[in-house]
Amino acid sequence: SVTQDKERQRRDYHVERPLLNQEQLEELGHWGPAPKTHLWRDWFRCSRARAHALLVQHVPVVGWLPRYPVRDWLLGDLVSGLSVAIMQLPQGLAYALLAGLPPVFGLYSSFYPVFIYFLFGTSRHISVGTFAVMSVMVGGVTESLTADKAFVQSLNTTVEDARVQIAYTLSVLVGLFQVGLGLVHFGFVVTYLSEPLVRGYTTAASVQVLISQLKYVFGITLNSHSGPLSVIYTFLEVCSKLPETVVGTLITAIVSGVVLVLVKLLNEKLKRYLPLPIPGELLTLIGATGISYGVDLQNRFSVDVVGNVSSRLIPPVAPNAQLFAKLVGNAFAIAVVGFAIAISLGKIFALRHGYRVDSNQELVALGLSNLVGGFFQCFPVSCSMSRSLVQESTGGNTQVAGAVSSLFILLIIVKLGELFQDLPKAVLAAVIIVNLKGMMKQFSDICSLWKSNRMDLLIWLVTFVATILLNLDIGLAVSIVFALLLVVFRTQLPHYSVLGQVPDTDIYRDVAEYSGAKEVPGVKVFRSSVTMYFANAELYCDSLKQRCGVDVDHLISQKKKRIKKQELKLKRLQKAKKSKRKASSSKITEVSINVNDSVEDIRSNDLEGSEVKVHRRDELENAAANSPEDVKAPNVTTLKSLGLPQPGFHSLVLDLSTLSFVDTVCIKSLKNIFREFWEIEVEVYIAACHSPVVTQLEAGHFFDESITKQHLFASVHDAVTFALQHSKSGPNSPVLLVFVGVLSQARGLEYNLWTLTGTSPPAHLGH
């Protein structure tokens, strides 16, 4: 214990400084407005260095490729690119199926966008290309629009070609949105997508992906469903058509799924000993294609296969502008979701490897990938979590790995694509479902969030349910609105606390939480856990009055009532004097007794010793008639003189350290707090305001003759110390307005004394 005491003393520090209010702090610290920076001047500044900086900023490959360490990184990037391409091939084919398109378009979407991102992206590790969530969003759009036969006829094409047109037109629109938002530095929009929201959304999307693949697993044909509750209708239809299951298709899907799971488990067990993971998906595709070709699964067992796969590159095609109006809403939702997934993964890898990802440039890079890809009939893409992890774990250091994988996909498109014509679609469905494992694990968030943060759990659950019931586009909008409303709701229910001083320190903590913290006698210190603004200003005032233990409104109301009674009493006295004036020809004088003379002084001393002023009766009446405010005598209206209870504290300190901004409602509320507590004879001080808040208070004309910067202190302790030093020992002695009637009688003088407080005149001033 002695050692602990010595150690504690060694850690003690002592500071001696004067008590500081805001005026003194500004004078001591030489406060002045921060210099303004004019960014627009830099925009129009032209130089060779600035041109190079702009080029590197918008085309990052120009900055890092010339400095690429070939000996150190090339081998790792080649191996990583090959590994990613091996995964990209089956996933591209499968996710095209998920988007409702022929599988070859998945290969196109795994080539063009990846190479564009290599030129413009800032993340060194994410793998851009087809992704399950994006594909199911595209599939929802293509399914819903092509379900209308009139719409397909208006395009004068087949249903399959109509879906392709919708997909690449959608990609162009998504790209335009992303590039436009990136150029106007709108990358911060992703901050409104919290992690629980994104995880709940992707989990719901994975459920939709799973349900959409059941028709390929069971080999059944389903009607097209779109709009709210489409997932529920699809699932119910799958259940109703289970008796129509094609057994060969179901067995193919089950065997493929089991093989994929076993290979993944084997990779997990042997990852320490394997230089590269076993390409289970590629081996499964090759094996299933060989078996399907050799056994003729399509004709003998009615197993649906991929069919014709083009072995050539398609020339660029302009998007169908007629579809823009129908696709603009879905395009914006897909653009936001795709960017949110990409930037979240990019920041994770950047933090892990110590480099910076520019969110605005990532938005531009992803937008250009979708925009250029759309002209080559690609559907919208983002980045894949599983491929990104493989790209990082197999030694990938830069996007050279992405370029290698895209070139490998190009080779497959040109030379090897037609070999997969006999690949069963059930195998692709099995690939998709097995790859949902990571997103399905996110259901464990429910347990972890229940223990850590139930508000985040509520966001997760609302996002999941809204996305399942209302579909991906409307579900995302509902989720964002709910999350923002929840933030507003939480600011309306903050934690309000009365603070007490921790003994022998200048630290103040909530007395309900810290048993050792004690309230300073005569001083109330109040704090809110959030900033005060229009949505919670009224709640702040109500909680303040409640925590102070004084019914301020009732006390002010009673005070006004008693003052009114005194005024009525004064009027009755004036009427009585008027009636006596008619009966008497003597003159009545008014005596004003100085505030320094108490009633006892009047009783003990002769009236001649007191400080008096004599006025003629007509002057008194004129003053009462012309200036009734003077007759009210506000100095008389103290709580004690009115017989009202006084608060148990003389000073109130508002800790405003949590204020980050103020609005007009906040300023008016603070002024009302000052006015109301002054009415009940409590001084109000504010403390610990940040400089921007003080500036906003000044701009809002908060400070005036009655509320000055001398009411604002640098810290709570400064305010409490000042309040204790300047506390009133008692209520001010009221100025007594005394009417003395001097009546001329034959036998002598008669004095009549009335006081507004209702006290009887002193005995020696009687008749």
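Strand 5 (residues 523-528) and strand 7 run parallel and pair over five bridges; two strands pair here if DSSP finds at least two bridges between them. Helices (H or I, at least four residues) and strands (E, at least two) are DSSP runs, numbered from the N terminus. Before going further, please note that this is a predicted model, in which local features need pLDDT of at least 70 and side-chain atom pairs count only at pLDDT 80 or more, while totals for chains, interfaces and linings use all residues. Residues are numbered from 1 along each chain as its sequence is written, and side-chain values use heavy atoms, with hydrogens and water left out.

Let us stay with strand 7, which covers residues 651-655. Five of its five residues are buried, where buried means under 20% relative accessible area, exposed over 50%, and partly exposed in between (1.4 Å probe, protein chains only). Both faces of strand 7 are covered: S651, V653 and D655 are buried on one side, L652 and L654 on the other.

Strand 8 is itself mostly covered, with four of its five residues buried. On its other pairing, two bridges join strand 8 to strand 9 (residues 712-713), and these strands run parallel. Here A687 stands opposite F713 of strand 9. Helix 32 (residues 691-699) carries the chain from strand 8 to strand 9 in a β-α-β crossover that is right-handed.

Now back to strand 5, where S528 has its place. S528 counts as buried because its relative accessible area is 3%. S528 lies 32 residues from Y496 in sequence, yet their C-alpha atoms are 4.6 Å apart in space. Leaving aside neighbours within four places in sequence, S528 is in contact (heavy atoms within 4.5 Å) with P494, H495, Y496, Y540 and T658.

Next come the helical stretches. Helix 17 (residues 324-353) has 30 residues, so at 1.5 Å a residue it should span 44 Å, and its end C-alpha atoms, 41 Å apart, agree with that; the expected span is 1.5 Å times one less than the number of residues. Helix 17 has a kink of about 30 degrees centred on N330, the bend at a residue being the angle between axes fitted to the seven residues ending there and the seven starting there. Just after helix 17, G354 takes a positive phi of about 75 degrees.

For residues 556-583, an unreviewed UniProt entry lists "coiled-coil region". In the model this span is 100% helix and 0% strand, with end C-alpha atoms 41 Å apart.

Finally, two loops deserve a look. Most residues other than glycine have a negative phi. N156, which is not a glycine, has a positive phi of about 55 degrees, and sits in the loop between helix 10 (149-155) and helix 11 (159-183). N156 is exposed, because its relative accessibility is 71%. Q377 also has a positive phi, near 65 degrees, in the loop between helix 18 (359-375) and strand 2 (382-384). Q377 counts as buried because its relative accessibility is 13%.

How values were computed:
UniProt positions are given in the numbering used here, feature names are shortened, and annotations may be inferred rather than shown by experiment. A crossover is right-handed if, with the strands pointing away from the viewer, the path from the first strand over the helix to the second runs clockwise.
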